[in-house]
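The sequence and structure come first.

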Amino acid sequence: KNGSMSQVDMVYDVLRVAGKPLHITEILERVEKAFGQKLDRESVVSSLVKKIRRQDRFVRTDKNVFAIKQGA
């Protein structure tokens, strides 16, 4: 179903559908439900933090809570 989707794309999709910030635990649960993929927490957090530093698509609204950047 998602051969070409990266971890970050899956997270983006889950957050887009949620329409609100989600805690990393919730994000991982929803990715698993939606895509049948068990993602590694550390690796996802590290990818998201890199994106946030580049102001690319994501923001962190609280400790371990992530959202889609406005207008992204």
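How close do the axes of α1 and α3 come, and at what angle do they cross? They come within 10 Å and cross at roughly 80°. This is a predicted model, in which local features need pLDDT of at least 70 and side-chain atom pairs count only at pLDDT 80 or more, while totals for chains, interfaces and linings use all residues. Residues are numbered from 1 along each chain as its sequence is written, and side-chain values use heavy atoms, with hydrogens and water left out. Helices (H or I, at least four residues) and strands (E, at least two) are DSSP runs, numbered from the N terminus.

**Helix packing**

- Two packed helices are described by the angle between their axes and the distance between the axes. Axes here are lines fitted to C-alpha atoms, for helices over the stretch in contact, and angles run from 0 to 180 degrees between N-to-C directions.
- At their crossing angle of roughly 80°, α1 and α3 are therefore roughly perpendicular to each other. Angles under 35 degrees count as roughly parallel, over 145 as roughly antiparallel, 65 to 115 as roughly perpendicular and the rest as oblique.
- On the α1 side, Q7, V8 and V11 are in contact (heavy atoms within 4.5 Å) with S43, V44, S47, L48 and K51 of α3. This contact has four nonpolar, three polar and one charged residues. Ala, Val, Leu, Ile, Met, Phe, Trp, Tyr, Cys and Pro count as nonpolar, Asp, Glu, Lys and Arg as charged, and the others, Gly among them, as polar.
- Helix α1 (residues 7-18) also packs with helix α2 (residues 24-35), their axes coming within 9 Å and crossing at roughly 100°. That angle makes α1 roughly perpendicular to α2.
- The α1 residues M10, V11, D13, V14, L15 and A18 meet I27, R30, V31 and F35 of α2. By class, the contact of α1 with α2 has eight nonpolar, no polar and two charged residues.

**The sheet**

- Strands of a sheet pair through backbone hydrogen bonds, either parallel or antiparallel. Two strands count as paired if DSSP finds at least two bridges between them.
- Three strands make an open sheet in the order β1-β3-β2, with antiparallel pairing. Its edge strands are β1 (22-23) and β2 (58-62), each pairing on one side only.
- Two bridges join β1 to strand β3 (residues 65-68), and L22 has F66 as its bridge partner in β3.
- Four bridges connect β2 and β3 in the antiparallel sense, with V59 standing opposite A67 of β3.
- A hairpin is formed by β2 and β3, with two residues between them.
- Helix α3 lies across β1, β2 and β3 and runs at about 110° to β2.

**The aromatic pair**

- The structure holds one aromatic pair. Y12 and F58 form it edge-to-face, at 6.0 Å centre to centre with 85° between the planes. Rings of Phe, Tyr and Trp (its six-membered ring) pair if their centres lie within 6.5 Å; planes under 30 degrees apart count as stacked, over 60 as edge-to-face and the rest as tilted.
- The pair links distant parts of the chain, with Y12 in helix α1 and F58 in strand β2, 46 residues apart.
- Y12 is buried at a relative accessible area of 16%, and F58 is buried at 1%. Buried means under 20% relative accessible area, exposed over 50%, and partly exposed in between (1.4 Å probe, protein chains only).

**Individual residues**

- K51 lies in helix α3 (residues 41-53) and is buried, with a relative accessible area of 17%. Leaving aside neighbours within four places in sequence, K51 is in contact with V8, D56, R57 and F58.
- H23 sits in strand β1 and is partly exposed, at 32% relative accessible area. Not counting residues up to four places away in sequence, H23 touches R41, K63, N64 and V65. H23 and R60 are 37 residues apart in sequence and 9.7 Å apart in space, C-alpha to C-alpha.
- Most residues other than glycine have a negative phi. R57, in the loop between α3 and β2, has a positive phi of about 70° although it is not a glycine; R57 is partly exposed, at 22%.
- N64, in the loop between β2 and β3, has a positive phi of about 60° and is not a glycine. N64 counts as buried, at 17% relative accessibility.
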